[in-house]
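Here is a short report for someone meeting this structure for the first time. Please keep the sequence and the 3D view open while reading.

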Amino acid sequence: MNFHEALGQVIEIARQNAERVDTEGVFPAEAVDALRGSGLLGLVMPEEVGGLGCGPVEFTEVVSELASACGSTAMIYLMHTAAAVVVADAPPPGMPDLLSGMAKGAVLGTLAFSEKGSRSHFWAPVSSASLNGGSVSVQADKSWVTSAGFADIYVVTAGSSSGTAGEVDLFAMPRDSAGLTVAGPWVGLGLRGNASAPMRIDSSIPIANRLGDQGAGFAMMMNTVLPWFNLGNAAVSLGLSAAANTAAISHVGSARLEHQDEALSALPTIRAQIARMGISLAAQRAFLAHAARSVSAPDESTMLNVLAVKASANDAALVITDTAMRVCGGAAFSKHLPIERAFRDARAGSVMAPTADVLYDFYGKAVSGLPLF
Ligand SMILES: Cc1cc2nc3c(=O)[nH]c(=O)nc-3n(C[C@H](O)[C@H](O)[C@H](O)COP(=O)(O)OP(=O)(O)OC[C@H]3O[C@@H](n4cnc5c(N)ncnc54)[C@H](O)[C@@H]3O)c2cc1C
């Protein structure tokens, strides 16, 4: 089976469960089990460790199609992949089977970066690590961790045990690590099946579970995690926008004003709004494909594309899903259509770090020749 066939099967399961996952706010266990068995958790992992060896272009296609079916499932998939690429970059020596486990679907991963103290500025953890023999003692309050309690492995940040300000260490922590606990519930406006709960770390982590050298975490976050996360997060926004657009077009074409013997789409105002949605969607799709190709074959414009693509798709999704709500009137407001779920799910993208506003600031600095940090 090629990955498109596998994706089709996962999407079917994700779609069947999406409404219940959203309404009940439960983790999409069926879709995640299907992902584990599909090979897609290793989509961008090397074939020699059991992955499918695909790249950013295929990754954005998979994420956006998943998001059109179930936003929560897509975000869980994205966070797994973002964790897997940094594990692939610097596999922790004490966990020799971790990468193949993530590639083959036995091990679901996630990132625990954001902290209560530094909020969306994930690059500046206020937690710290201190060396203690062959281990590192870490205390951290992580504010949101997608798949909290459900993921098998957590890639966590802490201020570096080097003690040098601005340096960051990355560690891989198995779910059953002593002192790693889910510290509260997840109740979100959208992405309600995500289990993006806070977590507390009060643990002694073996040095051999560190990814890369002491203090190397900041560079790994920026060079490895950021491109994949931004592409994938943009793809979630695109998939949610596409779902809202498709549902809105279908509704305005079929809902009738019987006294006028015409569909809603006969109204010029509605048609203009639908046109704006479709044009914006097409532009975002093209830009995402361009950014994905740029990450595949990096050049001097790649970093700008990485910064821009998430902000652009996040903000477009806010407008597209809002427009879909508007043109579908009370039918959208009252949950007769799947649009309001996409509308709520789409609010997450722009506030997920790096937030859209931070990305605009970074982009402005980059084109002005200023350092980002
Ligand atoms: C559904 C969901 C899932 C998540 N999953 C994870 C996860 O798996 N792992 C993880 O580590 N984190 C995760 N997060 C956390 C996320 O990445 C952000 O850290 C979090 O949403 C930031 O919220 P905050 O209230 O701390 O924002 P704040 O930092 O308080 O920001 C508030 C506002 O200030 C703006 N702002 C802040 N700094 C600047 C600046 N320098 N310039 C301009 N504007 C600025 C922001 O853009 C925002 O509009 C998740 C969040 C959500 C909503």
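The report takes strands first, then a helix pair, then some backbone details. The model is a predicted one.

## Strands

Start with strand S1, residues 109-112. Gly109 and Leu111 point one way from S1, while Thr110 and Ala112 point the other way. All four are buried. In a regular strand, side chains alternate between the two faces of the sheet.

S1 is joined to strand S4, residues 153-159, by four bridges. These two strands run parallel. Leucine 111 faces valine 155 of S4.

Strand S3 spans residues 135-145. It is mostly covered, with eight of its eleven residues buried. S3 pairs with S2, residues 128-132, through five bridges. It also pairs with S7, through nine bridges. Both pairings are antiparallel.

The hairpin of S2 and S3 has two residues between the strands. Glycine 133, in this hairpin, takes a positive phi near 65°.

| Strands | Sense and bridges | Residues opposite each other |
|---|---|---|
| S1 and S4 | parallel, four bridges | leucine 111 and valine 155 |
| S3 and S7 | antiparallel, nine bridges | aspartate 141 and arginine 200 |

## A helix pair

Two packed helices are described by the angle between their axes and the distance between the axes. Take helix H8, residues 302-327, and helix H10, residues 339-351. Their axes come within 9 Å and cross at roughly 155°. Angles over 145 degrees count as roughly antiparallel, so H8 is roughly antiparallel to H10. The crossing is left-handed.

Which residues of H8 meet H10? Lys310, Asn314, Asp315, Ala317, Leu318, Thr321, Asp322, Ala324 and Met325 do. On the H10 side, the residues are Ile339, Glu340, Ala342, Phe343, Ala346, Arg347, Gly349 and Ser350. By class, the contact of H8 with H10 has eight nonpolar, four polar and five charged residues.

Look at alanine 317, which sits in H8. Is alanine 317 buried or exposed? Its relative accessible area is 0%, and buried means under 20%, so alanine 317 is buried. Leaving aside residues up to four places away in sequence, alanine 317 touches Ser237, Ser241, Ala346 and Arg347. Alanine 317 and phenylalanine 343 are 26 residues apart in sequence. In space, their C-alpha atoms are 8.2 Å apart.

## Backbone details

Most residues other than glycine have a negative phi, and most peptide bonds are trans. Some places in this model depart from that pattern.

Leucine 191 is not a glycine, yet has a positive phi of about 45°. Leucine 191 lies in the loop between strand S6, residues 180-182, and strand S7, residues 197-206. It is buried, with a relative accessible area of 3%.

Alanine 195 is found in the loop between S6 and S7. Its phi is near 55°, a positive value in a residue other than glycine. Alanine 195 is buried, with a relative accessible area of 11%.

Where is proline 354? It is in the loop between H10 and helix H11, residues 356-367. The peptide bond from alanine 353 to proline 354 is cis. Its omega is near -5°.

Conventions. Residues are numbered from 1 along each chain as its sequence is written. This is a predicted model: local features need pLDDT of at least 70, side-chain atom pairs count only at pLDDT 80 or more; totals for chains, interfaces and linings use all residues. Side-chain values use heavy atoms; hydrogens and water are left out. Buried means under 20% relative accessible area, exposed over 50%, partly exposed in between (1.4 Å probe, protein chains only). Two strands pair if DSSP finds at least two bridges between them. Axes are lines fitted to C-alpha atoms, for helices over the stretch in contact, and angles run from 0 to 180 degrees between N-to-C directions. Angles under 35 degrees count as roughly parallel, over 145 as roughly antiparallel, 65 to 115 as roughly perpendicular and the rest as oblique. A crossing is left-handed if the near helix is turned anticlockwise from the far one by less than a right angle, and right-handed if clockwise. Contact means heavy atoms within 4.5 Å. Ala, Val, Leu, Ile, Met, Phe, Trp, Tyr, Cys and Pro count as nonpolar, Asp, Glu, Lys and Arg as charged, and the others, Gly among them, as polar.
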